[in-house]
Amino acid sequence: MRKSLLFLLFALLVIHIKAQKVKDTEIPPFGTVDKADLELTQCSFDPEAEAMILVEDGELAYIDGIGIVLEKRVRIKILKKEGLDRADIHLRYSTSDKDQSIRDVVAQTYNLDPSGKVVITKVDKKQIFDKSINKRVAEKVFTFPEVKVGSIIEYKYKHNGIGLINWYFQHSIPVKVSRYVLDFPDYIQMRNTPFCSRKYERKEESKGARVAQSYLMKEIPGFRNESNVINEEAYMDRLETTISAYKEASGLWKNRNINWLQVIRFLMEDEDFGIQLKRDIPRTTDLDLELAQVKDDYSRMKTIHAYVRKNMAWNEYYGIWALDGVKAAWKDKKGTAGEINLILVNLLRNAGLDAKPVLVSTHENGMVNATDAGTYDYPGFNQFNKVLAHVTIGGKVYVLDGSEKETPTHLIPRDVLMTEGLVIEKIDTGEWGWVTLWDPNETYKEVFVLNGHVEADGKVKVKEDITSIDYSRLRKIELARKGEKEFKERFMGVDDPNLQIDSVTFDNKDSDSLPFVQHIQFTETINGTGDYLFLSVNKFTGLEKNPFIADTRQADVFFGANQSYLITGNVFLPEGYEWDAVPKNLRMIMPDTSISITRISQVSNDRLSMRITIDFKKPFFSVQEYGAFHEFYKQLFDILNEQYVIKKKARP
Amino acid sequence: MSLKRIPNLIFLMIFTLLGVTADAQTVSYDLSSLPDSVKKDASVITQYDLQRVVVEDLEKATYSRKHIYSVVNEDGRRSLLVALFSTKYINLDEMDLKVFDKSGKQTARFKKKDMMMQATGEGLIDEGTYYYVDVPAPSYPVTVEIEYVQKFKGTLKLPGYEILNPGEAIVESLFEAVIPSGLVLRYRAKNIDIKPVIKDLGKAKSYLWTTRNLPPFEYEEGAVNQIDRYPSVDLVLNNFSHYGYPGELSSWQSFGQWLSKLYVGLDELPQDRVNFFKDLVKGSNSDREKAQIIYKYLQDNFRYVSIQLGIGGVKPFSATFTDQKKYGDCKGLSNYMKAALGAVGVRSHIAIINSEYNSLPADPAFPIHNFNHAILCIPQPEDSIWLECTSNIAEFGVLGTNTENRNALLVTENGGILVPTPKSTAEANSFLIHNKIELSADASGMIESSLRSTGAFKDMIDYILKEKRDDQKESIVFTLGFKQPDDFLMAKEKEKVNLKLQFEKIPEFTAGNKIFLAPHPYKLWTRVMPKNENRKLDFYFRNPFVHLDTTQIKLPDGFLVDALPKPREFNNAYATYRSNYWFDESNKTIHSVVELKLLQHHIPAVDFKLVKQFFEEVLKEEKQRIVVKKS
């Protein structure tokens, strides 16, 4: 749901002049291709690319009687067979917004004939199809004829009613030149914010009563898919745009920019937000009874949190608003994230707790820009996709989500960790403002305790107790509740026929916050060669494969939480066997001490004692740190995969 | 009465013809009154199912279903995602879904308009729409009562009786087909012994299949294709109509006849293109040579695009259209290849086939349209040439297991002919690798591997070769199973691929004065066979294969071999393994040789245990280490 403080800006204005075209020598016109581009076999600034965008050119203009129109053109060079799929084009548009349409699609392929002449093959209009994707979205679909490795394809179209959009200069394939032009009447002032890690050029041109601003970037390498990224789009070069002011008929400029104070004030006075905080939630006598049983504030908070979760189902819609009102949602026992959490804040406040709504943006939704409160037309609250309850008890802050079922009350929900939240409260209280949703002590913690007895036949019987605490508990508990079978497949998937799981039992599976304990008993036929047997203690830890093999990295590594692992225990040998030299004791630490691993092993007679600890003191590792991080990870997994060697004693 | 109601009226009238009428069902919402034999191990229990296919005429049929089932626990969750397909040809007309809790209280209800919809298919055209709803289940058991109607505008593919899925038990299930008296219905029960009760209703005949009190069965990984995996009954009309084209499916010959009519005139090319191809193959004499040249031209200049246009996915675009666009789907590209071959005087036939490595061959005795793909066959006195025309990388004349080992329907001027496609061989999927390891005293070193591959392995290696460097590195580690190299180079050299890898530490691990080396520097076999030894269904590998590894490890001065794995040799009717290890003192080199062969990809259920044990042995051998000591 998109809300504006003032909806009808453009309706108030009278615009007569049609959008103008901006010329730029960097951008060859539609239909004119360079022979050199057709002869190109490799992208010079991203040599491995299967295809590259030679030109991406968009012009967003406000046109009288039509609204905001995007005219877009894309020219792609196919460099390898793997790039042929780029010739299948899907142009999406909204069908729920009746003013949107895609028109005037023109597309053609360029090839060189044997004599070196450029040959153009057009896409037949009849071969451009409309395809309905779901109730809200449709697409124009087509594919190019005569496409082979070496071909250039080009298409252009008009997207009417698209609204203000962000422009992405970067894509999964490299871009040679990308330009975005914003062509608006001179009584509209744009505020454009480039989020670009590379150089860009900005130009402004006035012609008559219009101003065209153009942003241009060149030679942007493709963006590779990487794991452990907080939000990919945050790392891609792009331009964000808003309307910051317009000139009234009187000739005076009316500033459209707002500050966060205005946003907060608006929210507090809004029927679908602030007003909902003052609603008495009816029929909560059962909650009152439960609350009468508990004394301290933390327990009261926990009781209310549990009560809302039990009584409210989330309809899978995000958003910060209670559009149908909290009372209606309460009656239906179902609501949006906004409705549920505004109910939660309501109930917490009624119980006398210091609770406020906090606006958040989940990792998936994108990073919040706290320096930009937006404009009247697109206020800063649009950056957020959820509202949560922010509770302060004895100086400690708790962040609660009533729309999600598993996160214990004392933990910050996973999907907003390390993000900026905006606490909303009446301005005069001074209790509003930004908070970083982070507590270094709330970690992903896991302890593995092994106790093994090797038997005379070379089998080892092991009891392993895994204690999963806080975020690691959270990761495992949902699947554990679904059933033992799925849990075993996911976390105890055994790719070793020598290893047989004898039993698995759980403790605290149904507790809402106690550490989740898994007791595993297994028997392993130890692998051996000659008189040697090899025993690994890295079992069911989830640390078997190094996920950071790649040498390069474009986005920061993000783990979510600080992490801590402990693998410890004892293994005993029977008569006739002895421990060979054990892997050496060591401690390895990142230069900035952010990650450390310690391994200590000790043998006394038949007993091996070992202890491996791994600690992560921060959740983020920047691209600049990746070199050291990558090397550390390589060593880390080498250490984890080292085995203990058992030797058969020579017979006397 | 509004116009909208009329179709339902017709629907009601049809039902007066039926042989059976739905009786009142008693539903046990808390499952207490259901027999234990049914409940045991079931995650889903069908309490009552009535499915009906009513054929009015060749162009009109109606499928309706009333299905009452309970989901017992989370394992049955998948049955709560209800998805119904709708196309221009099979239209989802109505749907009513009610949800009941344990006490029998209705907790939710959905109509067609409440369902989410999603277009399916990657292609350019709407291939259809899924209407779906994810039924909420706050607690178990939850009972779903769903009724829906689908209207068919043709009779080429009648809905069959799909009886049950793994984990599902049946209390009572009925399937009735009502067929006008003039039409011949054939049927075939699969994975169940079941026969219909046939009743003459005058103008129509009713065929009624009934099942009661069926216990659930277990899911078996790696089994035959879904279509043939579970208890079901196939239905076929000897006469049908498809998008207004009437045809006969009483024999493979007649079905091929119908198909060949759809292709008439579509394989002609303009004269300049005919001349082009004649020129292209100038100087070659045999059909094989000509076909090879044209196939290469096709692979370099055409691409596969999914465009299921025309009539229900069986009629292709004309060769001229494909020629202009340089793209097409399997039918379009095969038809184009046929036209191009025709231009140079080589005769070929479109071959319709069911493509998937684990599909059963079409049954000569039971003609039915279960095909999903088209390839091309060039008949030869011996060893006909088969071409997969949708691939830009396939080798000439090599099909691969998706279309090997089964029957294809050749579409000829004289009708259809069911012929077998080539059998897969281990040799056609080979991975021959030689590794030279130079170990330094500090345990660092270089590995130089050279490998030759064919078939499925070649596809994999070619894919890795084309990857970007970091993706390539991940493939070397995660797909091929090498340790993480510090630096590497992968390059093709003629028929060979060379891989050079630099390591800070070559050994798996080091302890004291010993180092422990893997017998080969990557994982030769990692797959763990599904656990159920006593399978009921045959097991399918993707393809048979040969894997031959020779590894040489040169030790630095001052190092000695402490222990070598024992040479092994074991085999059965389906697979063989042999390994050998020795140390050549004269040049301080350890030699390791391993050969693993899977002779056929299809393993009968009774022999699965044998094959499973075999590969467990292989995995154990993979864990062997060479122990080297500093002297």
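Of the 631 residues in chain B of this predicted model, 39% are buried, a residue being called buried if 20 or more other C-beta atoms, placed from the backbone, lie within 10 Å of its own, exposed if 12 or fewer do, and partly exposed in between. Residues are numbered from 1 along each chain as its sequence is written, while chains are lettered from A and ligands numbered from 1 in the order in which they are written. Local features need a pLDDT of at least 70 and side-chain atom pairs count only at pLDDT 80 or more, whereas totals for chains, interfaces and linings use all residues.

Chain B contains 11 helices and 37 strands, where helices (H or I, at least four residues) and strands (E, at least two) are DSSP runs numbered from the N terminus. Its C-alpha atoms fill a box of roughly 95 × 75 × 40 Å along the principal axes. Two residues are taken to be in contact if their C-beta atoms, placed from the backbone, lie within 7 Å; among the contacts in chain B between residues at least 6 apart in sequence, 71% join residues at least 24 apart.

When neighbours within four places in sequence are left aside, Ile294(B) is in contact with Phe277(B), Leu280(B), Val281(B), Met337(B), Ala340(B) and Leu341(B).

The contact between the two chains takes 42 residues from chain B and 46 residues from chain A. Among the elements that give two or more residues to the side of chain B that touches chain A are β6 (116-119), α6 (287-301) and α11 (608-622) of chain B, but α10(B) gives the most, with 5 residues. By class, this side of chain B has 15 nonpolar, 8 polar and 19 charged residues, with Ala, Val, Leu, Ile, Met, Phe, Trp, Tyr, Cys and Pro counted as nonpolar, Asp, Glu, Lys and Arg as charged, and the others, Gly among them, as polar.
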